[in-house]
Amino acid sequence: MTPERYQKILRVLRRRQPTLTVLMDEVNKPHNLSAIVRTCDAVGVLEAHAVPPQGGQLAGFKGHTYAATSGSAHKWVPVQAHAAATSAVRELQGRGFQVLATHLSQRSVDYREPDYTRPTCVLLGAEKWGVSDEAAEAADANIVIPMFGMVQSLNVSVAAATILFEAQRQRLAAGMYDAPQLSPEELARLAFEWGYPDLAPGYRERGEPYPALDEDGQIV
């Protein structure tokens, strides 16, 4: 690893937002999954979540992570798989996240109204039928993107980008990208995993701690 690459890894990790994430409810088209993961990386999402489509495991899910082609974004934003959207919503709420479902209902608000500086999960639905009624009801709020054309829906990856960049805008204004949100220990762990992806699995399998890295990213 070159010193330049190590410094880039550190710059990115120092801006990661562990309190911002997405939950994809049975999004079944790989190009949409890939585009959403790329946007997650762009705005600093640390980890994403997904419910595979009913009737079978989505190609690309390996164990509890998603590894579909998304440029190289899937290497930087792991996607955790869940069995069902409603239980995933409850789990994230239990971890302190407000869940905002992209869903038209009596209680829907403009997507720009919520406070995205709070721990936030954006719940996105499948391409044809959207977020399930049960998951939308379990969410803390329903949000919509105002549209004035003949077509009243956006591609799910476009909707994700629109909402996530609003979250980024609010967080930038609040200074949330100015200081690391990851603990020093978590930052060091991820820096080693990102910098040495071929070595990290061996340390984990042996139950050994990762070695320290010097200021140039070299193993001490």
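Colleague: Where is glutamate 134 found?
Modeller: This is a predicted model, and in it glutamate 134 sits in helix 4, residues 133-138.

Colleague: Is glutamate 134 buried or exposed?
Modeller: Exposed, because its relative accessibility is 55% and the cut-off for exposed is over 50%.

Colleague: How far is glutamate 134 from alanine 88?
Modeller: Their C-alpha atoms are separated by 12 Å. Along the chain, glutamate 134 and alanine 88 are 46 residues apart.

Colleague: Which strand holds threonine 120?
Modeller: Strand 8, which covers residues 120-125. Threonine 120 is buried, with a relative accessible area of 0%.

Colleague: What about a positive patch, which residues make that?
Modeller: Arg5, Lys8, Arg11, Arg15 and Lys75. Arginine 15 is in the loop between helix 1 and strand 1.

Colleague: How exposed is arginine 15?
Modeller: Partly exposed, at a relative accessible area of 43%. That value is not over 50%, so arginine 15 does not count as exposed.

Colleague: Now helix 2. How many residues does it have?
Modeller: Helix 2 has 14 residues, 30-43. From its first C-alpha to its last it reaches 20 Å, close to the 20 Å expected at 1.5 Å a residue.

Colleague: Which of its residues are buried?
Modeller: In helix 2 the buried ones are Asn32, Leu33, Ser34, Ile36, Val37, Thr39, Cys40 and Val43.

Colleague: What follows helix 2?
Modeller: Glycine 44, with a positive phi near 95 degrees.

Colleague: Which residue other than glycine has a positive phi?
Modeller: Glutamate 26 is one, with phi near 60 degrees.

Colleague: Why point that out?
Modeller: Because most residues other than glycine have a negative phi.

Colleague: Where is glutamate 26, and is it buried or exposed?
Modeller: Glutamate 26 lies in the loop between strand 1 and helix 2. It is buried because its relative accessible area is 12%, and buried means under 20%.

Note on methods: Residues numbered from 1 in each chain as written. Predicted model: local features only at pLDDT ≥ 70, side-chain atom pairs only at ≥ 80, totals over all residues. Heavy atoms only, no water. Helix = DSSP H or I, 4+ residues; strand = E, 2+ residues; numbered from the N terminus. Expected span 1.5 Å × (residues − 1). Buried < 20%, exposed > 50% of the residue type's maximum accessible area, 1.4 Å probe, protein only. Patch = residues over 30% accessible without salt bridge, like charges linked within 9 Å, V, L, I, M, F, W, Y side chains within 5 Å. Areas by Shrake-Rupley, 256 points an atom, 1.4 Å probe, with all protein chains shown as cover. Salt bridge = Lys/Arg side-chain N within 4 Å of Asp/Glu carboxyl O. Lys, Arg positive; Asp, Glu negative; His and termini not counted. Charge placed at Lys NZ, Arg CZ, Asp CG, Glu CD.
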